[in-house]
Amino acid sequence: MHAPVKDSLREGRPRGVAALLGSYAADIKGWLAKLAAGYGVAAALMLGGVLAVFGAVGVGLAALFDFLAHHYGTSVAFAVLGGGLLVFGAILLLIGLAVMKRRAPPLPRPVRQIRAARQMLLGTTISRAVGVLRQGGAAKPDATTQVLIGAAALLAMGWIAASHIGSRRRSGEVRR
């Protein structure tokens with residue numbers, strides 16, 4: 001017995017390539033969810049570690065204060081801890097200012113992308129022209145057309161060479 005094929009597009013279910021893409025998108029979504037959960041757990045653990053370090057520093061400072069207070073008095077203990085924290089804070093602020101005043105790197109230029117686009121455009125145009133010539137039965141153009149095609153090819157090669165030499169001069173790579 002042969003069951004009739006249902007029209008899956010009417011039922012709202014994708015078919016063919018759309019179904020494959022939807023399945024792959026669901027797989028990627030699940031992968032991203034697991035990845036995000038892993039990073040969330042790692043961030044929570046790191047935050048706990050940072051808080052534990054701050055707690056340990058606080059206990060250490062309290063122990064130092066107690067030691068100084070027993071041996072030198074409370075005023076000296078406050079002075080030593082307060083002065084040490086002041087010097088530490090000033091050093092961190094100066095380092096932060098130095099980092100902020102760094103010169104930003106220049107914005108990258110899309111030189112590689114422009115070269116690739118130029119190559120793609122040139123290759124596509126030439127392949128289309130050759131395909132049209134072969135399909136249209138005009139595989140043997142007359143002499144004038146051949147001269148014009150040759151001149152256009154020479155002009156294109158000259159333009160590419162001149163733009164390449166010009167880009168090397170701008171970047172300082174020309175050898176003398």
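Reader: Which residues lie nearest the centre of the second largest pocket?
Author: This is a predicted model, where local features need pLDDT of at least 70, side-chain atom pairs count only at pLDDT 80 or more, and totals for chains, interfaces and linings use all residues. Residues are numbered from 1 along each chain as its sequence is written, and side-chain values use heavy atoms, leaving out hydrogens and water. A pocket is an open set of points on a 1 Å grid over the protein atoms alone, where a 1.4 Å probe fits, with protein on both sides within 12 Å along at least five of seven lines; lining residues have an atom within 4 Å of a point. Of the eleven lining residues, those nearest the centre are Leu 122, Ile 126, Ile 149, Ala 152 and Ala 153.

Reader: Which element gives the largest share of that lining?
Author: Helices are DSSP runs of H or I with at least four residues, numbered from the N terminus. Two elements, α3 and α4 (143-171), each give two or more residues to the lining of the second largest pocket. The largest share, six residues, comes from α4.

Reader: Where is confidence lowest in the protein?
Author: pLDDT is the predictor's confidence in each residue, from 0 to 100. Its mean over the protein is 81. Helix α2 (residues 74-100) has the highest confidence, at 94, and the lowest, at a mean of 74, is in helix α3 (residues 111-135).

Reader: How far apart are the end C-alpha atoms of helix α1?
Author: The expected span of a helix is 1.5 Å times one less than its number of residues. Helix α1 (residues 17-72) has 56 residues, so it should span 82 Å. The model agrees, with its end C-alpha atoms apart by 80 Å.
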